[in-house]
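Let's take a walk through this one, starting with the aromatic rings and moving on to a helix and the confidence scores. Keep the viewer open as you read.

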Amino acid sequence: MSEYVPTEKGFPIREASTANFLISSIDRNAYANNNPVNTTAGNFVIQKNNSLFNGFFTRIGVQEVVLNWQLPNVYDISGGTGSQSEIANGGFVKNASVSVDISGGAQTVATTVPVGIYTIASALDTMVAALNTAIGGASNYFTVSQAGAQVILTGTRTWRFSTANNPTLVTDLGFGIAGSYTLTKSIYNSAIPGLNKTPNSSATLFQIQSSPFFPFSGTSLPSLRQWQYLDFVSTQLTYNQELKDSSTSTTSRDILHRWYLSSGEGQNPPYQDSYGFTILPTYVPFSERRAFAFPKQIKWMPNMPIGQIAFEVYATDIQGNNYLLNTDGYEWMMTLLISEV
């Protein structure tokens with residue numbers, strides 16, 4: 001019997017050899033004595049006596065990232081520039097101030113909400129409790145209630161948020177500073193455009209009516225999110241990257257990964273607090289892992305070892321300002337896939 005010989009021969013195909021390069025921001029602590037810059041997860045250097053990685057490889061890909069987050073989202077900025085650069089550099093924050101004028105300005109009551117991590121509901125409840133404590137009396141001055149889809153803040157006498165001493169929390173919650181308007185205790189009016197709990201919902205927040213003649217409502221969608229995204233950067237690892245990263249932002253740099261602080265795809269429907277507002281990332285502490293089916297491929301010269309490496313994390317706030325996030329309150333891990341081709 002003759003042997004069957006196919007007219008076309010196949011060739012064995014196998015994936016390129018790979019290796020893991022495992023990074024943890026906590027590892028910086030082992031090198032703190034050698035390099036004083038190793039202070040936070042946002043700015044540290046790893047330097048061993050030998051190269052961190054040797055071998056013939058031509059590609060580096062970010063396979064997965066883990067972010068552990070505990071930074072506060074309610075605070076006032078004190079000292080320095082008065083911008084988010086203060087918390088980005090590890091300090092200059094204080095309790096969030098709140099003040100209201102009662103009975104047409106006859107009495108101004110000021111209090112604070114402690115620095116911390118809050119949902120919309122917990123921030124509102126904490127603020128109202130602090131105001132009631134500051135006012136005193138046998139019964140609560142302010143109450144929060146729900147009527148159908150509406151969340152309503154009610155005072156027993158005429159009142160307004162003071163034009164002074166309300167730096168961020170009041171406006172972050174969606175309230176307008178009343179200015180010359182006095183808000184009455186009858187603050188619900190279904191005809192006044194209010195604030196949506198979610199962009200696709202008809203539910204409204206804090207429908208407020210002033211005088212009997214002039215309607216007044218909050219000015220924006222309530223949000224306690226202070227940061228839009230984080231950029232993980234290592235210029236030593238992107239040095240050989242001929243195809244450079246770009247951005248519509250005024251600040252652009254080559255990055256390993258951009259972590260958008262937005263709800264995950266698996267949250268359907270999204271998690272909600274006790275008043276029905278969406279719980280966005282940074283509203284609670286979290287530890288989250290993101291893996292990538294097709295990671296960014298970074299070109300590497302095969303004759304270059306991976307030696308000393310510096311890592312930086314840059315944060316962009318809600319206004320679009322970009323800062324080195326050189327503060328405590330978060331840690332991260334990353335898996336890089338090293339490939340021979």
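## Aromatic pairs

Search the whole structure, a predicted model, and twelve aromatic pairs turn up. One of them is tryptophan 69 with phenylalanine 286, a stacked pair with 6.4 Å centre to centre and 10° between the planes. Tryptophan 69 sits in strand E3 (residues 59-69) and phenylalanine 286 in strand E17 (residues 286-291), so this pair links distant parts of the chain, 217 residues apart.

Tyrosine 330 belongs to strand E21 (residues 330-339) and tryptophan 69 to strand E3, so here the pair ties together parts that are 261 residues apart in sequence.

Elsewhere, one aromatic cluster is made up of Phe21, Phe53, Phe57 and Trp300.

Two arginines are worth a click as well. Arginine 258 lies over the face of tyrosine 229, 3.8 Å from the ring centre. Arginine 290 does likewise with tryptophan 259, at 4.0 Å from the ring centre.

## Helix H2

Does the length of H2 agree or disagree with what its residue count should give? H2 (residues 120-135) has 16 residues, so at 1.5 Å a residue it should span 22 Å; the end C-alpha atoms are 23 Å apart, which agrees.

Among the buried residues of H2 are Ile120, Ala123, Leu124, Met127, Val128, Leu131 and Ile135. In an α-helix there are 3.6 residues a turn, so residues three or four places apart point the same way. Just after H2, glycine 136 takes a positive phi of about 75°.

The chain has a mean pLDDT of 76, with 74% of its residues at 70 or more. Over residues 179-220, though, pLDDT stays under 50. The model does have 106 contacts beyond four places in sequence for that stretch, but where pLDDT is low, the predicted coordinates should not be read in detail.

Notes:
Residues numbered from 1 in each chain as written. Predicted model: local features only at pLDDT ≥ 70, side-chain atom pairs only at ≥ 80, totals over all residues. Heavy atoms only, no water. Phe/Tyr/Trp six-rings, centres within 6.5 Å; stacked < 30°, edge-to-face > 60°. Helix = DSSP H or I, 4+ residues; strand = E, 2+ residues; numbered from the N terminus. Lys NZ or Arg CZ within 6 Å of the ring centre and 35° of its normal. Expected span 1.5 Å × (residues − 1). Buried < 20%, exposed > 50% of the residue type's maximum accessible area, 1.4 Å probe, protein only. pLDDT = per-residue confidence, 0-100. Contact = heavy atoms within 4.5 Å.
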